[in-house]
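Student: I have a chain to learn and a list of terms to go with it. Can we test each term against its cut-off?

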Amino acid sequence: MSVFDLLIDQEHVISILRDAVIAAAKGDDESQEMTHAWLFTGPPGSGRSNTALAFAAALVCKNGGCNECTDCTTALKGNHADVELIKTEGLSIKIDEVRELITRASWSPSVGNYRVVVIEDADRLTESAANALLKAIEEPGLRTVWLLCAPSATDVLPTIRSRTRSLVLRTPSTSAVTALLESEKISPTMADFAARASQGHIGRARHLAKSEEARARRAAILKISLLITDVASAFKAAQVLVEAAKAEAEEEAEKRDDAELASLKEAWGQQGSKLTQGGSKAVKELEKEQKSRTTRMVRDYLDRALLDIATLYRDILLIQSNSLDSIINIDLTTEITKLANSSTPESSLRKLEAIMNARTNLSHNAAPLLTIEALMVSLK
Ligand SMILES: [Zn+2]
């Protein structure tokens, strides 16, 4: 068993990483196989950060990633002393964070041969943060390896891109995701449904398969979009969807925000309601971060909802071209067939395109309600 066995459907990338690990173990630091900066790209859910973490584990493990030793298990979780995992919950990674990170990254490894830094959302680096990082990548410490992850290569600065070796992950096939879920003791029917509905997004598939609530929410979203007949119902649908996204994000946030605030105040030695000057500044900063995290969660939720709605039009298009066997939303066959018979393949394609455009706009920070309203009107 190796850490690379945990990755789904990425054999083309794994063989490159295995060669790099072998070269690194021989001490070939800048060989053809091994280099100090890598860029992992691929669609959401393809396992970018999992792949980077598996590589990190293989680099710090004495057996090249056995998946059994403490080095492997802690590295995979991102809490190995020599593996640092940078996750962003907010909308951006700022220069201060990157400067601190560069300092820590330059320390000598404490146990293994390398210090590995995994940046999960390199696309969220601000421009100044990216430039600071670029300097570190240009003059790497001998023992530091940078693993950057982003949806696509165009999401990072060209200067950074040109100094990293790029690996492109692919969307795992439905059958690979189904097999994975079945290996996790999920029934074949459920595994098949979740794999199809999530369209190769592993985390989403697992969540759908395991959570009845997630399935109910998905069904509700699909139902809303099936009921759009005129502009008024389109606006109504947009409102319901955006409000659900906000409610979910706020509920999630409330749980985390209060606990974070409490522990921060404790760290600043709060007495009664009084805080030191530094303490209240830290609290303000945290509150700002939390707000931006909630904003991001609303967008993430909406993006997932749009992907679900896209499966409807994909199904409609399939029925219009007479291929019934790979329908995702089997439970909605009657409604979908009705829509398929009353519209053309061209209009289904146009609607799919509108959904994908709305996703792009949301990812570029367009206002959620306006974006969803415009989309819903075009789906009527
Ligand atoms: Zn190991």
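**Helix pairs**

Tutor: Start with a contact. Arg 299, Leu 302, Asp 303, Leu 306, Ile 309, Ala 310, Tyr 313, Arg 314, Ile 316, Leu 317 and Gln 320 in α12 meet Pro 345, Ser 348, Leu 349, Lys 351, Leu 352, Ile 355, Ala 358, Arg 359 and Leu 362 in α14. Contact means that the two C-beta atoms, placed from the backbone, lie within 7 Å. The residues of this contact divide into 13 nonpolar, two polar and five charged. Nonpolar covers Ala, Val, Leu, Ile, Met, Phe, Trp, Tyr, Cys and Pro; charged covers Asp, Glu, Lys and Arg; the others, Gly among them, are polar.

Student: What kind of model is this, and how are its residues numbered?

Tutor: This is a predicted model: local features need pLDDT of at least 70, side-chain atom pairs count only at pLDDT 80 or more, and totals for chains, interfaces and linings use all residues. Numbering starts from 1 along each chain as its sequence is written.

Student: Why are α12 and α14 called roughly antiparallel?

Tutor: Check the angle. The axes of α12 (residues 277-320) and α14 come within 9 Å and cross at roughly 165 degrees. The classes are: under 35 degrees roughly parallel, over 145 roughly antiparallel, 65 to 115 roughly perpendicular, the rest oblique. At roughly 165 degrees, α12 and α14 are therefore roughly antiparallel. Their crossing is left-handed. The near helix is turned anticlockwise from the far one by less than a right angle in a left-handed crossing, and clockwise in a right-handed one.

Student: Which residues of α8 and α9 meet?

Tutor: Met 190, Ala 191, Ala 194, Ala 195, Ala 197 and Ser 198 in α8 meet Arg 204, Ala 205, Leu 208 and Ala 209 in α9. Eight of these residues are nonpolar, one is polar and one is charged.

Student: How do you know which class the pair α2 and α3 belongs to?

Tutor: The two helices pack at an angle of about 150 degrees, with their axes 8 Å apart. That makes α2 roughly antiparallel to α3. The crossing of α2 and α3 is right-handed. Leu 53, Ala 54, Ala 56, Ala 57 and Val 60 in α2 meet Asp 71, Cys 72, Ala 75 and Leu 76 in α3.

Student: Why is α2 called largely enclosed by the rest of the structure?

Tutor: Count its residues: 12 of the 13 in α2 are buried, so the helix is largely enclosed. Buried means 20 or more other C-beta atoms within 10 Å, exposed means 12 or fewer, and partly exposed lies in between. The buried residues of α2 include Arg 48, Asn 50, Phe 55 and Val 60. They pack against α1 (11-25), β1 (37-41), α3 (70-77), β2 (83-86), β3 (115-119) and β4 (144-150).

Student: How do you know that the length of α2 agrees with its residue count?

Tutor: At 1.5 Å a residue, the 13 residues of α2 (residues 48-60) should span 18 Å, and its end C-alpha atoms are 19 Å apart, which agrees.

Student: Is Gln 199 buried or exposed, and what makes it so?

Tutor: Gln 199 has 20 other C-beta atoms within 10 Å, so it is buried. Gln 199 sits in the loop between α8 and α9. Its phi is near 50 degrees, a positive value in a residue other than glycine.

Student: And Asn 365, buried or exposed?

Tutor: Asn 365 has 12 other C-beta atoms within 10 Å, so it is exposed. Asn 365 lies in the loop between α14 (345-363) and α15 (368-379). Phi of Asn 365 is near 65 degrees, also a positive value in a residue other than glycine.

Student: What makes Thr 229 exposed?

Tutor: Thr 229 has 9 other C-beta atoms within 10 Å, so it counts as exposed. Thr 229 is in the loop between α10 (212-226) and α11 (231-267). Thr 229 and Lys 380 are 151 residues apart in sequence and 5.1 Å apart in space, C-alpha to C-alpha.

Notes. Helices (H or I, at least four residues) and strands (E, at least two) are DSSP runs, numbered from the N terminus. The expected span of a helix is 1.5 Å times one less than its number of residues. Axes are lines fitted to C-alpha atoms, for helices over the stretch in contact, and angles run from 0 to 180 degrees between N-to-C directions.
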